[in-house]
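Let's take a walk through this model together, one region at a time. Keep the viewer open and follow along as the text moves from a sheet to the cores and the aromatic rings.

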Amino acid sequence: MELLHNCRIKRYPDGGAEIVAASAPFGGGAVEREAARYDRDEDVRDIHAQLLEQTDPVLARARRRKRQEDAYAVLERAAIQDDGVDEAALQARQRASRERAQRRARVAVRDLGLCNDWAYFVTLTLDQRRIDRYDPVEVVRHLSHWLDNRVRREGLAYVLVPEHHKDGAIHFHGFFNDALPVADSGHRDKGGHPVYNLPAWGWGFSTAIRLYGERAAAVGYCCKYVAKQQEKIGGRWYYSGGKLRRPAVEWCDVDFDALAASGEAEPFAVDGLPWSRFVRLRTEGGEVP
């Protein structure tokens, strides 16, 4: 049986690292592999669902209805078993579950943001004359088809976070590599940098600004879009594809109290492990204490 450890280190291509340590063992290689399998399976399910929407929308709707019926059945069984169900407690559990999912998504977006050679910060909007930009199913179907073609034909790599505009319309923010041609829009941002358009994006308006300055700042800005959402848009907190790298992960054991005493260590709590204390520490240049 693989032993658990009390410290996880993620190493990024630029030499930086993120250290998470706990007062008690909480993970190891087997845990990391199981988490990766879960994420991979979720990605596979999403891809299958998107393909089904394109090839057989009638069957796709039937499957969605079946999932909804199953969800109602679960709630009905819970109500039968406990007629005095605490609605407030149920909502609190659902809220906690959503917040955990959002945290995982923010971590994933951050890892992808820091591990890959992005060229542009992009925004993709949708033209209501061409597509119902308020319908997440239709939006994601067209977006997924467009992205898949760009990945296969031109080598696009991307990570995109959806967001609702104030009027409810959906648009996307994120990062692209330099696989797609850009055209100078003639405009400049507040810093005087050229604002480009993506001619290949035919579903609406696009902007692309070449990344400059500190990469972590741009990644952190994109992660905020995940935190703003109250629900998954189109079934995902974020969308990613192409040849992507992720941080190298290693597990070890450290002196938790000594690390926690560091002035740069950030304490935090984990809902599922209330008996353990956690700290996070990020370093530059791979200088791990």
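Which residue in strand 12 is the bridge partner of proline 267? The bridge partner is valine 279. Before going further, please keep in mind that this is a predicted model, in which local features need pLDDT of at least 70 and side-chain atom pairs count only at pLDDT 80 or more, while totals for chains, interfaces and linings use all residues. Residues are numbered from 1 along each chain as its sequence is written, and side-chain values use heavy atoms, with hydrogens and water left out.

Let's begin with the sheet around that bridge. Strands here are DSSP runs of E with at least two residues, helices are runs of H or I with at least four, and both are numbered from the N terminus. Two strands pair if DSSP finds at least two bridges between them. The open sheet is built from 5 strands in the order 10-1-2-12-11, with antiparallel pairing. Strand 10 (248-252) and strand 11 (266-268) are at the edges, each with a single partner strand, so one side of each has no neighbour in the sheet. On average, neighbouring strands of this sheet are turned by 20 degrees against each other, direction ignored; the axes behind such angles are lines fitted to C-alpha atoms, for helices over the stretch in contact, and angles run from 0 to 180 degrees between N-to-C directions.

Now follow the individual pairings. Strand 11 is joined to strand 12 (residues 278-283) by 3 bridges, and the two run antiparallel. The charged end of arginine 280 sits over the ring of phenylalanine 268, 4.2 Å from its centre. Elsewhere, arginine 236 lies over the face of tyrosine 238, at 5.4 Å from the ring centre.

Strand 1 (residues 7-11) has 4 of its 5 residues buried, where buried means under 20% relative accessible area, exposed over 50% and partly exposed in between (1.4 Å probe, protein chains only). On one hand, strand 1 pairs with strand 10 in the antiparallel sense over 5 bridges, and isoleucine 9 stands opposite glutamate 250. On the other, 5 bridges join strand 1 to strand 2 (residues 17-22), again antiparallel, with glutamate 18 as the bridge partner of lysine 10. The hairpin of strand 1 and strand 2 has 5 residues between the strands, and glycine 15 takes a positive phi near 95 degrees there.

A second hairpin is worth a look. Strand 6 (residues 183-188) and strand 7 (residues 194-197) pair in the antiparallel sense over 4 bridges, and alanine 183 stands opposite asparagine 197. This hairpin has 5 residues between its strands, and glycine 192 in the turn has a positive phi of about 85 degrees.

Next come the cores. In soluble globular proteins, nonpolar side chains tend to be buried together. A nonpolar core is a set of buried Ala, Val, Leu, Ile, Met, Phe, Trp, Tyr and Cys residues joined through side-chain atoms within 4.5 Å. The largest one has 25 residues, and those touching the most other members include Leu124, Phe176 and Leu198. Strand 3 (120-124), helix 4 (136-154), strand 4 (158-164) and strand 5 (170-176) each supply at least two residues of this core, and helix 4 gives the largest share, 5 residues. Another core, of 24 residues, lies apart from it, with Ala101, Phe175, Cys222 and Tyr225 among its members.

Strand 5 also holds glycine 174, which counts as buried at 0% relative accessibility. Leaving aside neighbours within four places in sequence, glycine 174 is in contact (heavy atoms within 4.5 Å) with residues including Tyr120, Val122 and Cys222. The C-alpha atoms of glycine 174 and cysteine 222 are separated by 6.4 Å.

Finally, the rings. Rings of Phe, Tyr and Trp (its six-membered ring) pair if their centres lie within 6.5 Å; planes under 30 degrees apart count as stacked, over 60 as edge-to-face and the rest as tilted. The structure holds 11 aromatic pairs. Tryptophan 118 and phenylalanine 175 have ring centres 6.0 Å apart and planes at 25 degrees, so the pair is stacked. Tyrosine 221 and tyrosine 225 are edge-to-face, at 5.4 Å and 80 degrees. Together with Phe121, these rings form one aromatic cluster.

Terms used. A charge sits over a ring if NZ of Lys or CZ of Arg is within 6 Å of the ring centre and within 35 degrees of the ring normal.
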